[in-house]
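Please look over the structure shown below. The questions after it ask what lies behind the terms used to describe it.

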Amino acid sequence: VIQAPFLHQLSVDALHHIISSLSDSIYLPADFIVRRGDQGSELYFLREGMAGIFLSAEAPKWSDEEVKGVRGGDYFGEVALLTGQRRSSWVM
């Protein structure tokens, strides 16, 4: 959470509230964490493992090449959460 630059200006109390609101989810290798076009009401902090970000209009297949990879310590989902825009990518 501390690594996310857009959270740096928050107070300690606000950060504590965010951290205490976190919950764990487990995803398997072919699971979609985020689906393009969905409403975004969550921000994701990847504790461990890795995920791929895909920008295709259709759901990516296991063999498709990701645009970017995220690993433990990375975060994603902030754009939809902060702007109210629909999700712009797939995360698997």
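What follows is a set of questions and answers on this predicted model.

Q: Which residues does Tyr44 touch, not counting residues up to four places away in sequence?
A: Tyr44 touches Tyr27, Ile33, Val34, Asp74, Tyr75, Phe76 and Arg87, and because contact means heavy atoms within 4.5 Å, each of these residues has a heavy atom within that distance of Tyr44.

Q: How many helices and strands does the chain have, and in what pattern?
A: The chain has two helices and five strands, which follow the pattern α-β-β-β-β-α-β when read along the sequence.

Q: What share of the 92 residues is called buried?
A: Buried residues make up 24% of the chain, the term being kept for residues under 20% relative accessible area.

Q: Where is confidence lowest, and where is it highest?
A: Confidence is lowest in helix 1 (residues 12–21), at a mean pLDDT of 87, and highest in strand 5 (residues 90–91), at 97. The chain as a whole averages 90, and 98% of the residues score at least 70, on a scale from 0 to 100.

Terms used:
Residues numbered from 1 in each chain as written. Predicted model: local features only at pLDDT ≥ 70, side-chain atom pairs only at ≥ 80, totals over all residues. Heavy atoms only, no water. Helix = DSSP H or I, 4+ residues; strand = E, 2+ residues; numbered from the N terminus. Buried < 20%, exposed > 50% of the residue type's maximum accessible area, 1.4 Å probe, protein only. pLDDT = per-residue confidence, 0-100.
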